[in-house]
Amino acid sequence: APTASDIFSCCILWYGSASRRVAYRPGRLLTSLVEDGESHARQWATPLTMEYTVPLVLHRLVHGSVELHEDVSVSKFRTMVSYIGDSWTLLDDAPPSGLCGRWLMTFDDGNDSDAEVALPILAEAGAKAVFFVVTAWIGKKGRLDWNQVRNLHASGMEIGSHSVTHPDLAASKCDVRRRELLASREIIEDKIGASVRAFAFPFGLVSSAALREVHSAGYETCC
């Protein structure tokens with residue numbers, strides 16, 4: 001039988017040299033992913049040892065062979081969802097304590113497989129996830145369209161912003177960060193008719209200045 005590290009390595013370990021994948025609320029740490037390194041990932045990739053929610057960073061789900069490092073096969077995703085069971089959580093949920101581990105499934109970029117593949121699997125399992133969309137990519141080939149984004153939201157999934165154009169906000173100027181943060185949020189809220197409270201940093205790259213800008217732009221949670 002596959003171990004937890006076998007099941008989740010494709011969405012935890014691809015981050016490579018990134019320092020951490022973290023999610024914040026103003027004033028307190030909400031969730032934390034493992035430090036770099038396979039040994040850390042294996043240590044944390046089991047509910048018996050987790051003291052925090054572990055965010056699973058997912059992108060495109062593909063049938064057949066996986067060619068890109070960010071992609072995950074549909075069969076492996078089914079295994080993940082089955083393994084997680086009812087131990088999933090969303091960003092609005094309170095963080096666990098003690099040995100009560102939870103898994104936060106997130107999808108970056110707004111790929112069409114979010115609606116065509118992930119949603120039916122999640123719905124069948126009674127699970128939910130957070131989908132971070134890049135607004136300038138909506139409607140492009142291989143990406144979600146706005147009807148699909150609205151359907152994700154109507155199905156109980158959380159929709160967050162992943163910026164307008166997917167720049168490195170940690171290295172961007174203040175006016176660029178502000179524009180990307182505010183415009184993407186306004187566009188999504190207009191399209192789905194609901195507030196957008198969560199933001200995911202493109203490339204997972206975070207700076208203290210960018211983090212302050214996210215919260216000053218009105219987001220409640222970022223990762």
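Buried residues are those under 20% relative accessible area, exposed residues are over 50%, and partly exposed residues fall in between (1.4 Å probe, protein chains only). The legends below apply these terms to a predicted model, in which local features need pLDDT of at least 70, side-chain atom pairs count only at pLDDT 80 or more, and totals for chains, interfaces and linings use all residues. Residues are numbered from 1 along each chain as its sequence is written, and side-chain values use heavy atoms, with hydrogens and water left out.

**Figure 1. Overview of the protein chain.** The chain has 7 helices and 10 strands; helices (H or I, at least four residues) and strands (E, at least two) are DSSP runs, numbered from the N terminus. Of its 223 residues, 51% count as buried. Where contact means heavy atoms within 4.5 Å, residues 24 or more positions apart account for 67% of the contacts with a separation of 6 or more.

Figure 2. S113 is found in helix α4 and is buried, with a relative accessible area of 4%. Leaving out residues up to four places away in sequence, S113 touches H59, R60, L61 and A118.

**Figure 3. Salt bridge between R60 and D112.** A salt bridge is a side-chain nitrogen of Lys or Arg within 4 Å of a carboxyl oxygen of Asp or Glu, and by this rule the count comes to 4. In the pair of D112 and R60, the closest N and O atoms are 3.6 Å apart. D112 lies in the loop between β6 (102-109) and α4, and R60 in the loop between β3 (53-58) and β4 (61-62), so the pair ties together parts that are 52 residues apart in sequence. R60 is partly exposed, at a relative accessible area of 24%.

**Figure 4. Salt bridge between R78 and E124.** The closest N and O atoms of R78 and E124 are 3.8 Å apart. R78 belongs to helix α3 (residues 74-84) and E124 to helix α4, and the pair links distant parts of the chain, 46 residues apart. R78 is partly exposed at 44% relative accessibility, whereas E124 is exposed at 65%.

**Figure 5. Salt bridge between R178 and E213.** Here the closest N and O atoms are 3.4 Å apart. R178 lies in helix α6 and E213 in helix α7 (residues 208-216), so the pair ties together parts that are 35 residues apart in sequence. R178 counts as partly exposed at 31% relative accessibility, while E213 counts as buried at 11%.

**Figure 6. The largest nonpolar core and L122.** A nonpolar core is a set of buried Ala, Val, Leu, Ile, Met, Phe, Trp, Tyr and Cys residues joined through side-chain atoms within 4.5 Å. Of the 52 residues in the largest such core, F77, M105, F107, L122 and F131 touch the most other members. Helix α4 (residues 113-125) supplies the largest share of this core, 6 residues. Apart from neighbours within four places in sequence, L122 is in contact with F77, V81, M105, F107, A127, A129, F131 and M157.

**Figure 7. Contact of helices α5 and α6.** The axes of helix α5 (residues 146-154) and helix α6 (residues 174-192) come within 9 Å and cross at roughly 75 degrees; axes are lines fitted to C-alpha atoms, for helices over the stretch in contact, and angles run from 0 to 180 degrees between N-to-C directions. The two helices are therefore roughly perpendicular to each other, a term for angles of 65 to 115 degrees. W146, V149, R150 and H153 of α5 meet I187, I188, K191 and I192 of α6.

Notes. Angles under 35 degrees count as roughly parallel, over 145 as roughly antiparallel, 65 to 115 as roughly perpendicular and the rest as oblique.
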